[in-house]
Amino acid sequence: MTQESKNVLTQFLDAVKESQEIWALQEKDGEDWVVLDSINFENAEAMPLWSSSDLAMVHCVEEWADYVPNKISLSDWFEFWVEDLNEDDIIIGVNWAGDETCLEVELADFTQALAEIESFK
């Protein structure tokens, strides 16, 4: 992982540590979530996630105009999301920016990083 990638991940984790929430884009009138072809992993799909609603909202345009940011608590992530995403071999796009330099992380590595910052309040 490059230093730039480490910085992106660190900034993401710092923000999430405080809020204990991650953000994804969900269809306004449905249950579908944004998943797209991975930029860095061949024959893989990636789920972009953001550390804030504002960062996610920037992408609710053009092809994703019918989507809105929806928060996922870390406890829900571990309880409901990890198993399903693992079964579908999903890669995680961290604070996805939509360019070729997007940081994509394997689900296991991403989930481990979240486990290290999860707060049990």
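This is a predicted model: local features need pLDDT of at least 70, side-chain atom pairs count only at pLDDT 80 or more; totals for chains, interfaces and linings use all residues.
Which residues of helix H4 (residues 107–117) are buried? Residues are numbered from 1 along each chain as its sequence is written, and side-chain values use heavy atoms, with hydrogens and water left out.

**View 1. The buried and exposed residues of helix H4.** Leu107, Phe110, Thr111, Ala113, Leu114 and Ile117 are the buried residues of H4, where buried means under 20% relative accessible area, exposed over 50% and partly exposed in between (1.4 Å probe, protein chains only). Helices (H or I, at least four residues) and strands (E, at least two) are DSSP runs, numbered from the N terminus.

**View 2. The packing partners of H4.**

**View 3. The crossing of H1 and H4.** The axes of the two helices, H1 and H4, come within 9 Å and cross at roughly 45°, which makes H1 oblique to H4. Axes are lines fitted to C-alpha atoms, for helices over the stretch in contact, and angles run from 0 to 180 degrees between N-to-C directions; angles under 35 degrees count as roughly parallel, over 145 as roughly antiparallel, 65 to 115 as roughly perpendicular and the rest as oblique. Phe12, Leu13, Val16 and Lys17 of H1 make the contact with Phe110, Ala113, Leu114 and Ile117 of H4.

**View 4. The aromatic pair of Trp77 and Phe110.** A search of the whole structure finds five aromatic pairs, defined by rings of Phe, Tyr and Trp (its six-membered ring) whose centres lie within 6.5 Å, with planes under 30 degrees apart counted as stacked, over 60 as edge-to-face and the rest as tilted. Trp77 and Phe110 form an edge-to-face pair, 5.6 Å centre to centre with 80° between the planes. Because Trp77 lies in helix H3 and Phe110 in helix H4, the pair ties together parts that are 33 residues apart in sequence. Both Trp77 and Phe110 are buried.

Notes. Contact means heavy atoms within 4.5 Å.
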